[in-house]
There are 2 protein chains.
Amino acid sequence: MDYIIYLVLAASVVALGFAYYFYKSMLGEDEGTDLMKKIALHVRKGAMAYLKQQYKVVIIVFIILAVIFAVMAYFNLQNEWVWFAFLTGGFFSGLAGFFGMKTATYASARTANAARKSLNDGLKVAFRSGAVMGLTVVGLALLDISLWFIILTSFTDYDMIAITTTMLTFGMGASTQALFARVGGGIYTKAADVGADLVGKTEYNIPEDDPRNPATIADNVGDNVGDVAGMGADLYESYAGSILATAALGAAAFARSAADGMQLKAIFAPMLIAAVGVLLSVIGIFLVRTKEDTNMKQLLGALSRGTNTSSILIAIATFFILWGLGIENWLGISFSVVVGLLAGVIIGKFTEYYTSQSYRPTKKVAESANTGPATVIISGLGLGMISTAVPVITIGVAIILAYLCAIGFDVNNFLSAENLSLGLYGIGIAAVGMLSTLGITLATDAYGPIADNAGGNAEMSGLGAEVRKRTDALDALGNTTAATGKGFAIGSAALTALALLASYVEEIKIALVRLAENASNGLAQVTDTIALSVEQIEASSLIDFMEYYQVNLMNPKVLVGVFIGAMMSFLFCGLTMNAVGRAAQKMVEEVRRQFREIKGILEGKAEPDYARCVGISTKGAQQEMLFPSLLAIVTPIVVGVVFGVAGVLGLLIGGLSTGFVLAVFMANAGGAWDNAKKYIEEGNHGGKGSEQHKATVVGDTVGDPFKDTAGPSLNILIKLMSMVSIVMAGLTVSFTLI
Amino acid sequence: MDYIIYLVLAASVVALGFAYYFYKSMLGEDEGTDLMKKIALHVRKGAMAYLKQQYKVVIIVFIILAVIFAVMAYFNLQNEWVWFAFLTGGFFSGLAGFFGMKTATYASARTANAARKSLNDGLKVAFRSGAVMGLTVVGLALLDISLWFIILTSFTDYDMIAITTTMLTFGMGASTQALFARVGGGIYTKAADVGADLVGKTEYNIPEDDPRNPATIADNVGDNVGDVAGMGADLYESYAGSILATAALGAAAFARSAADGMQLKAIFAPMLIAAVGVLLSVIGIFLVRTKEDTNMKQLLGALSRGTNTSSILIAIATFFILWGLGIENWLGISFSVVVGLLAGVIIGKFTEYYTSQSYRPTKKVAESANTGPATVIISGLGLGMISTAVPVITIGVAIILAYLCAIGFDVNNFLSAENLSLGLYGIGIAAVGMLSTLGITLATDAYGPIADNAGGNAEMSGLGAEVRKRTDALDALGNTTAATGKGFAIGSAALTALALLASYVEEIKIALVRLAENASNGLAQVTDTIALSVEQIEASSLIDFMEYYQVNLMNPKVLVGVFIGAMMSFLFCGLTMNAVGRAAQKMVEEVRRQFREIKGILEGKAEPDYARCVGISTKGAQQEMLFPSLLAIVTPIVVGVVFGVAGVLGLLIGGLSTGFVLAVFMANAGGAWDNAKKYIEEGNHGGKGSEQHKATVVGDTVGDPFKDTAGPSLNILIKLMSMVSIVMAGLTVSFTLI
């Protein structure tokens, strides 16, 4: 049986191998003129400098947290592997971001140069570079997972439940890193973007990416640190998190049948689906080729062919994998996986419907530009709010269906102890299904910012309108795939977070066992009135713990937790939005200053001080990312200490539900504003330069922090709060105020 | 003991008597010049025409729902009083709105005329007219409550639990009416407001309320139907709802000691506190007087003196009332009331902090106007999101404290069956405390739109800058008190909704008893595996029902319910926001058409076609209010049928938590944008007419549907969903899909 983990390891090596192959083949392309090389170098240096600076700050946070975990281990509130697992999770997540960004910064000039030949050449370079990112993320995640599994089974005598929950802590490392990357990178990129636009486009009427704009390098650096490195870390976290949470649920659900290897099978199932998904993704990536002289629709078709083929293949393969693995109820669980896949596709399609200018909703937002910026904002907010209905209902149906499939539609015992564990496992594996083709979906996602940067390079190098038009086409295509990608990220986050809830209760169980083992009377004090022995704790089901801790909807502690969780999502978004606003304002002032003080800058005779703008974004991002991120870590701890297990579960549910809806709202409103602007730029309602266009620029600017800073950070926030609660369970069971 | 209900009845008569007295004394004031009278007549006719139209639509909905309830009673799914109670709740709520609006439309010209003499005279007329509204609302609510209590105790043999839960259904009538009034009125007023501003102010640069603007009468009508009639119905619902929910909780909490009259005392306690609050409000209203030649600060001082005195007196009186009533643990419960009062004050103060231009946050929003409308929107949204923290934490602390006080800090048995009922009663009565001085706080709130309309009248009648300045000052003062008032409404809604959760479970109990009594085997099938006899049902506590229906946070039905609830708040806001956008767009087109087609309109030589604009707003509001309102009614029913009790409780919690936070966000963002504009109009950052000013006008326009349509409707949505669930409990327990 154990050999399966080596298959997973092998898949990770394959993924990383192909990533390296695509990377090398991209490097083999010509980087273009000297000016192009110079600009790319500028951006690359800026991006690397930022990442270095960011990692410096993050490393301090990681060390502090690792020390806390070590101290907790010393006081027997956690096991001794946690601090180390936490560090590696952060390290690998950072690595994924680093490799992705490195690739992207080498690829942009090469994409621009290839686009000089044809649209198709541009697509190939950009997409293959995106594939580097996609495969690096899944490869590193599977590497981390398989290595840790091998280490823990070889060097400890932990049972499978302890092993899988320990591995969850490397998920916490990944989440922490991801939150910093998303928030920091998001603030960076949007401060630069908003700052560059507000002065350059609006006040001086110079085009986007014009080299005369002092913030233009910072803007291009931002695309890399926010949309590439941030996204890489984000999806590394989502991907690893879903697999780890499901493995932990599997260990718990099949604990009773550990002897016949069923438990191990349940742990391996999500890993194996992910591993096969990697191979199918590689096949999909190779399918993305177009003939010469293709139009946009054919391009999109080429991408869709790749992702659709991978999705269909993994749906079929799942049945064989689970049947071959010989897991109990393999048919039902396979359907759970398919439910997840389907839910992802539905959410992706509806996201496209609500955010693409090909459909009515975004056209309506563009139309509202006829009555000025206020109605653009109102209609965009309205659209975003309404667009939450379908994803939420889809996820709701997916949750119930994945659950029912996994329990074989045993409705009469819907929530029996056994069915609950099995059903939750079904929900977790649905998330794995949704993300199983991440290798290719992330490739289609990550190539967007590369194309965006290629456009910047083309503009600054003066490559002419034809090339710019091609990179713009690639960029627009990227917007559509990015919207779909965000749908997957948000949807999978909701499912994974649900799975993590159950893991939290499992960890509470482990912490109680530790408590009982250390107590002189052999009993762990669960609540004021309940004390249990190790045997009693181990015999208790998830539902039993709900009753011990009175985690029901009449308990004021639960209700207050839910309130705080709902508020946290808003507070977090508000803080990041304001951070962008503040940093952007500084950028605006600096750009205005340069236009005012550096003579000849507007005529192109003097070079602006790019570095200073890069510095402002860097500093702004570093200062502003700490507070919201630390809030996400501290809140679950405080709620745990004050309100105990019931309060924490309330907090997580409140944060999850509101955060999920808020994230969909922000992502879709932002996407719609962006494309409403594009729709007008295509010549509708007055076209470029009209009052209507200006009104949609306002919408787009508001949408920037919505869709690229606050919105995507929410997914991570939700899961990080769960992970922190899990790691801190030992503290919560030992000490609670009320 | 029973005589107490007559004291409540007497208090209601006193309130209505004073309301009539103030109404008559207002009517005795001079209405000013013929032109003033004519304009006031225009507005009054428009407002009455709208209300008539609205009631016509609403009455159909009421009849349909009443028939459904009657059919349910026929099939023994509800008792036979429900349909009638439902109708009276709607009727009284409508009456409160009607009287308030009638007063307001008579008062505006008189206020303008009084303001010709002095600021102080203007304040007096406006405030006394606001007092008519405040006292009518509380008077009618207490009248309805006491009459129903007398009817049900006289004509039925129901026990107190059945009586109090039946009375809750008149709360549902009030909520339904209020939702239509808020949504319809909100769409009306904001469509007119946004439409008038976008063309008049922005495109033609004519001042607000200029008679040349065709939408100006519609705008003034809107203030009356939205801000007066809508608010009246809204607060009638909040006030009656909090008393009724607490009475129902009292009946349940003290059911075991029905014999010694303790149950009756617990039912009377919230009514008596409210009744005494009415009398103290009247005293407070008489305290609001100023010397001649006062400035703004003294005006605010005068209002605060009135409300503060009432609040302090009711806090002290509560101890005597509950001690005199001889209710068990009177001291603890009195402190619960004080907790509610204090929470209201804290939320009010922080609302002021976040939305008044005297403080940093709103000043920052104004400052962001230097970089254009986009940053105004971003910073306003950021402010709104951040501003949710304090109210949510305050309500969280209030929930826990009110609970703990009521159970005498018996922390070790925090959630015992007995303590839970008692603690929930404490939470309910905290809401009653928060709203006990509604008679005067609503007066300070309702006078705002009257002053606003007086300004409109002054402008249109050409009374000159001095008078306009005075009415503007009154209006600005009204903005501050309105913000505080909204804080109370939202905070009390959160507490009341929590109380309604418990009432829902009580109603489930009643429905199960009905089921068991009708079953041939004498058993009610609670779930697939649980069947209980009448005795067993009656012996079950709230917590027992949580276990029967598995209403815990591991149950996927609960989780999906929470998701849907969270989504509902967003969807509802999105629908109403879009409705305002659509209606406003039609208004803009009509106003533009009139400016284009009616010659001489801009020179003041030809009269615009006011009626047509009134018609557009009316039609828009009527068309648009139905869908979101019906959604609020249908969703809990559907969720109940599909997911059962667990799903409904999840829905209610999800809706409550997200709706609460979203409501605070929208109200505060809207308030801050409004006052940021005012701050710039006071001469800061470029002053009136500058680019900065235009940027804040965009913010204000976006804020309009935030703070006056979507935001305030959320309070009602939350409670209406609870009320519908309660009334439909019979259906839910009889039939559930999964």
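Colleague: How many residue pairs are in polar contact between chain A and chain B?
Modeller: This is a predicted model, and side-chain atom pairs count only at pLDDT 80 or more. With both residues at that level, the count of pairs in polar contact between chain A and chain B is five.

Colleague: Which helix of chain A gives the largest share of the side that touches chain B?
Modeller: Several elements give two or more residues to that side, among them helix 15 (465-518), helix 19 (610-681) and helix 20 (691-727) of chain A. The largest share is 20 residues. These come from helix 18 of chain A.

Colleague: How many salt bridges are there between chain A and chain B?
Modeller: By class, the side of chain A that touches chain B has 60 nonpolar, 20 polar and five charged residues. The count of salt bridges between chain A and chain B is zero.

Colleague: What share of the area buried between chain A and chain B is on carbon and sulfur atoms?
Modeller: In contact are 85 residues of chain A and 85 residues of chain B. The two chains bury about 7,300 Å² between them. The share on carbon and sulfur atoms is 83%.

Notes. Residues numbered from 1 in each chain as written. Chains lettered and ligands numbered in written order. Predicted model: local features only at pLDDT ≥ 70, side-chain atom pairs only at ≥ 80, totals over all residues. Heavy atoms only, no water. Contact = heavy atoms within 4.5 Å. Buried area = accessible area lost by both parts, 1.4 Å probe. Salt bridge = Lys/Arg side-chain N within 4 Å of Asp/Glu carboxyl O. Polar contact = N/O pair within 3.5 Å; in protein donor to acceptor, adjacent residues only side chain to side chain. Helix = DSSP H or I, 4+ residues; strand = E, 2+ residues; numbered from the N terminus. Nonpolar A, V, L, I, M, F, W, Y, C, P; charged D, E, K, R; others polar.
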